[in-house]
Amino acid sequence: MNQFLAQVEKRAFTMANFAVGNRDDALDIVQDSMLALVKNYSGRERAEWRPLFLPFLTTALLTGTDTIGSCPAGN
């Protein structure tokens with residue numbers, strides 16, 4: 001999981017920073033999205049992590065970090 005998170009971190013931050021326009025908020029959003037993925041899906045196969053991570057990040061960008069932690073894929 002750590003290797004996967006390291007691979008998506010830069011791109012996720014770039015997307016979040018562009019969307020919210022604030023470095024600190026973008027970092028919070030990416031961190032919250034990553035924690036939600038680990039909490040809800042760390043037991044899943046590696047191939048599933050990317051498609052599961054993107055809904056967390058997208059939801060956070062659209063609604064803010066208050067809703068992070070719910071399972072967007074209906075786990």
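A crossing of two helices is termed left-handed if the near helix is turned anticlockwise from the far one by less than a right angle, and right-handed if clockwise. By this convention, H2 passes H3 in a right-handed crossing. The structure is a predicted model, in which local features need pLDDT of at least 70 and side-chain atom pairs count only at pLDDT 80 or more, while totals for chains, interfaces and linings use all residues. Residues are numbered from 1 along each chain as its sequence is written, and side-chain values use heavy atoms, with hydrogens and water left out.

The secondary structure of the protein chain amounts to 3 helices and 0 strands, helices (H or I, at least four residues) and strands (E, at least two) being DSSP runs numbered from the N terminus. In sequence order the pattern is α-α-α. Of the 75 residues of the protein chain, 28% are buried, where buried means under 20% relative accessible area, exposed over 50% and partly exposed in between (1.4 Å probe, protein chains only). Contact is defined as heavy atoms within 4.5 Å. Among contacts between residues at least 6 apart in sequence, 57% join residues at least 24 apart.

Helix H1 comprises residues 2-20, 19 residues in number, and reaches 25 Å from its first C-alpha to its last, close to the 27 Å expected at 1.5 Å a residue; the expected span is 1.5 Å times one less than the number of residues. A kink of about 40 degrees in H1 is centred on Glu 9, the bend at a residue being the angle between axes fitted to the seven residues ending there and the seven starting there. Within H1, Phe 4, Leu 5, Val 8, Ala 12 and Ala 16 are buried. The cover over the buried residues of H1 includes helix H2 (23-41) and helix H3 (46-63). Just after H1, Gly 21 adopts a positive phi of about 70 degrees.

Two packed helices are described by the angle between their axes and the distance between the axes. Axes are lines fitted to C-alpha atoms, for helices over the stretch in contact, and angles run from 0 to 180 degrees between N-to-C directions. Angles under 35 degrees count as roughly parallel, over 145 as roughly antiparallel, 65 to 115 as roughly perpendicular and the rest as oblique. The axes of H1 and H3 come within 11 Å and cross at roughly 20 degrees; H1 and H3 are therefore roughly parallel to each other. On the H1 side, the residues making this contact include Gln 3, Phe 4, Val 8 and Ala 12, and on the H3 side they include Trp 49, Phe 53 and Leu 57. The crossing of H1 and H3 is right-handed.

For H2 and H3, the axes come within 9 Å and cross at roughly 135 degrees, and the two helices are therefore oblique to each other. Among the contributing residues are Ile 29, Val 30, Met 34 and Leu 37 of H2, together with Trp 49, Phe 53 and Phe 56 of H3.

Met 34, located in helix H2, is buried at a relative accessible area of 12%. Neighbours within four places in sequence aside, Met 34 is in contact with Leu 5, Val 8, Glu 9 and Phe 53. Met 34 and Glu 9 are 25 residues apart in sequence and 8.7 Å apart in space, C-alpha to C-alpha. In the loop between H2 and H3 lies Ser 42, which counts as partly exposed at 41% relative accessibility.
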